[in-house]
Amino acid sequence: MAQMNLVAAINDALRLAMKADDRVVVMGEDVGKVGGVFRVTQGLYDEFGEDRVIDTPLSEGGILGTAIGMALYGLLPVPEIQFADFIFPGYDQIVSELAKLRYRSGGEYPAKMVIRTPVGGGIRGGLYHSQSPESLFIHVAGLKVVCPSNPYDAKGLLLASLRDPDPVLFFEPKRIYRAARGEVPEGDYTVPLSKAKVVREAQGSKAVTVVAWGAMLYEAIAAAEEAEKQGVSCEIVDLRTLWPLDIDTVVESVKKTGRVVVVHEAPRTCGLGGEIVALVNEKAFLHLEAPPCRVTGFDTPFPYTLEMDYLPLAHRILPAVVATANY
Amino acid sequence: MSESPPSPRPSVLPPPAPEHLAELYRQMFVIRRCEEEAARAYAQGKIGGFLHLYIGQEAVAVGACAALQPDDYVVTTYRDHGMAIAKGMSSKAMMAELYGKKTGCSKGLGGSMHMFDAATNMLGGYGIVGAHIPLAAGAAFASKYRNDGRVTLCFYGEGAVSIGGFHEGVSLAALWKLPIVFICENNEYSMGTPLSRSMSVEDTSLKALGYGVERDRFFADDVNLVEHRIAAAVKRAREESQPTVIEVRTYRFRGHSMSDPAKYRTSNEVEEQKRRDPLLLARRELVDALGEERVKAIDAEVEAEVADAVKFAEESPEPDASVLEPTTYDGPFAA
């Protein structure tokens, strides 16, 4: 198996999908000749040509709108939005058309596509290049949302997303685009959607379930290693698919530990953490030993200079985990 | 109408074959009568929500769709009942959808603005003004990508021309040289605001200049003329893969929707427009060509079809809540 980073693994998945299926077209700003601002689509233009790797103007509504039209007539577009922060000019297309077409055409015209976009902070991008808008899409019925934390999952989840019949937003944590490395099998394989993964198991009675995804998974692991030294054991769940989420795996873990801390970069209010806590309360209330806890971004724009305070890094997760364990 | 668009009279055209004109008239009359019945059902509370009638504009849909092959695509606005019928969808499926019944074209889940029919390549009505214009360009892209020779017609009102979706859709279609015809149905009012107060120019086809594409502009009085002028743009799309931006000047005799009493215009203005009713003009021409008896027979057929559609809608069952989630996602929904 080859060692790859996240960028190479996603690139590999796109190349495989394009080779296997001529319905797949990649489109977006600078995705062609340039290979994408983060080089995720590098080489695809040379291999598959300008008809299938389409450089578009700066026109998010146009990119997503035309992609929907292509999908309605049987193509499988993979539009890239250069930064998730730029998706909002095309938000109407996603909310009003993409998510609702299957429903409002009585099932006759599902619009299948995978929208790829880099999310998250940690590159000093400030408020227009750092946001994590997953909740704004999860709230819209008809969409699925995926966020991988490592190259193996990224390739397998992207290939699974392309085969899934519903539209998928594929959020790529840009902070770990090159930092996350790992072994990636050659050729085709999938990682199933809506399946979380327990990446660290809790031992002993003083245990806490920590739910995280994307770049923050590594912060949760770092916090868990420190917590271990203080006698607190963490069971870490990598959500992988954010919606529809694998609540069963979360609940199973909470039933074992009796405690849960949810970590996400997005602002706290109406973030996915709130929904996870609500579901845990509904499904595992009598197993809880402590109030569920959220470690999140703040309800402010994403800051430039205070980035490392805004992000829920290990130094913020650790005290939350310890306090929850000692409640 | 404040100005006259350049509009060659039908004398420059070959007269329509009488049987062809009969078919165009029949379609226009089906649309007219279906919508009159829909208005009645709305007043009785049998149809809810919003109902945007096409009455007065029928020649646009019927003339334009007559210029198409069956496999060609149509994408339109929320004023979509007439377009779906002109594209070949059944009046039963249309009426049942208005009634919110399971037998409607969208299983009763959508309603008035959601006329979809995969069998006739009717790609739907769209309720968000202008959002469907890039989507239509995407359909045309798919045709070009597959080299299947199909053309997409994209309809919108003059109100959509001020929205970003219009610019993004036409701009990309021009850049990618897509087989598409953009057709503005300029009925002079964006809901209640007249054209003179909503746009800096009176002719929406002028926007074509900025994209470097061909344009055309004409009145919708004569369905035969509509068919010929749209056909020229369809030919350009099919044979040269070049888009065209067209403005068809038309007029809706009813309000924006059933809840709009249309007090922003005088009854004199509406009466004046009704003298140009494309349905009546077509009927007059057809009587000259085929005789009153034949036209009356067509009228009777249409009345029977529409009565059937209403009966079908009235008697069809409503969908139950179990269809909601499976129609939102393909598979069972977790969480």
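This is a predicted model: local features need pLDDT of at least 70, side-chain atom pairs count only at pLDDT 80 or more; totals for chains, interfaces and linings use all residues.
**Ground rules**

I number residues from 1 along each chain as its sequence is written, and I letter chains from A and number ligands from 1 in the order in which they are written.

**Entry 1: chain A as a whole**

I started with the secondary structure. Chain A has 12 helices and 14 strands. I take both as DSSP runs, numbered from the N terminus: helices are H or I with at least four residues, strands are E with at least two. The radius of gyration of chain A is 20 Å, close to the 20 Å of the globule rule for 327 residues, so chain A is as compact as a globular protein of that length. This radius is taken over C-alpha atoms, and the rule is 2.2 Å times the number of residues to the power 0.38. The C-alpha trace spans about 60 × 45 × 40 Å along its principal axes.

Next I looked up burial. In chain A, 65% of the 327 residues count as buried. Buried means under 20% relative accessible area, exposed over 50%, and partly exposed in between, with a 1.4 Å probe and protein chains only. Chain A exposes about 11,700 Å², and carbon and sulfur atoms supply 53% of that. The areas come from the Shrake-Rupley method with a 1.4 Å probe; for residues, only the protein chains shown count as cover.

I also checked contacts, meaning heavy atoms within 4.5 Å. Of the contacts in chain A with a separation of 6 or more, 82% are between residues 24 or more positions apart.

Then came charge. I found 32 positive and 41 negative side chains in chain A, with the centres of the two sets 3 Å apart. Lys and Arg count as positive, Asp and Glu as negative; His and the chain ends are not counted. I place each charge at NZ of Lys, CZ of Arg, CG of Asp or CD of Glu.

Most residues other than glycine have a negative phi, and most peptide bonds are trans. I went looking for exceptions.

- A cis peptide bond joins A:W243 and A:P244, with omega at about -5°. A:P244 sits in the loop between β12 (241–243) and α9 (247–257) of chain A.
- A:L245 lies in the loop between β12 and α9 of chain A. A:L245 counts as buried, at 2% relative accessibility. I also noted that A:L245 and A:Y73 are 172 residues apart in sequence and 29 Å apart in space, C-alpha to C-alpha.
- A:S194 is not a glycine, yet its phi is positive, near 60°. I found A:S194 in the loop between β8 (181–184) and β9 (197–200) of chain A.
- B:A262 is not a glycine either, and its phi is positive at about 60°. B:A262 belongs to the loop between β9 (244–249) and α10 (267–274) of chain B. B:A262 is buried, with a relative accessible area of 11%.

**Entry 2: chain B as a whole**

Chain B has 13 helices and nine strands. The C-alpha atoms fill a box of roughly 55 × 50 × 40 Å along the principal axes. I noted that 57% of the 335 residues count as buried. Chain B has an accessible surface of about 13,200 Å², of which 51% belongs to carbon and sulfur atoms. Chain B carries 37 positive and 47 negative side chains, and the two centres lie 2 Å apart.

**Entry 3: the sheet in chain B**

Strands of a sheet pair through backbone hydrogen bonds, either parallel or antiparallel. I count two strands as paired if DSSP finds at least two bridges between them. In chain B, seven strands form an open sheet in the order β2-β3-β1-β4-β5-β9-β8, with mixed pairing. β2 (116–117) and β8 (214–219) stand at the edges with a single partner strand each, so one side of each has no neighbour in the sheet.

I then followed β9(B). β5 (residues 180–186) of chain B pairs with β9(B) in the parallel sense over six bridges, and B:I183 is partnered by B:I246. β8(B) also pairs with β9(B) in the parallel sense over six bridges, and B:F218 is partnered by B:V248.

Which residues cover the two faces of β9(B)? I found B:T244, B:I246 and B:V248 on one side and B:V245, B:E247 and B:R249 on the other, all buried.

Terms used. Side-chain values use heavy atoms; hydrogens and water are left out.
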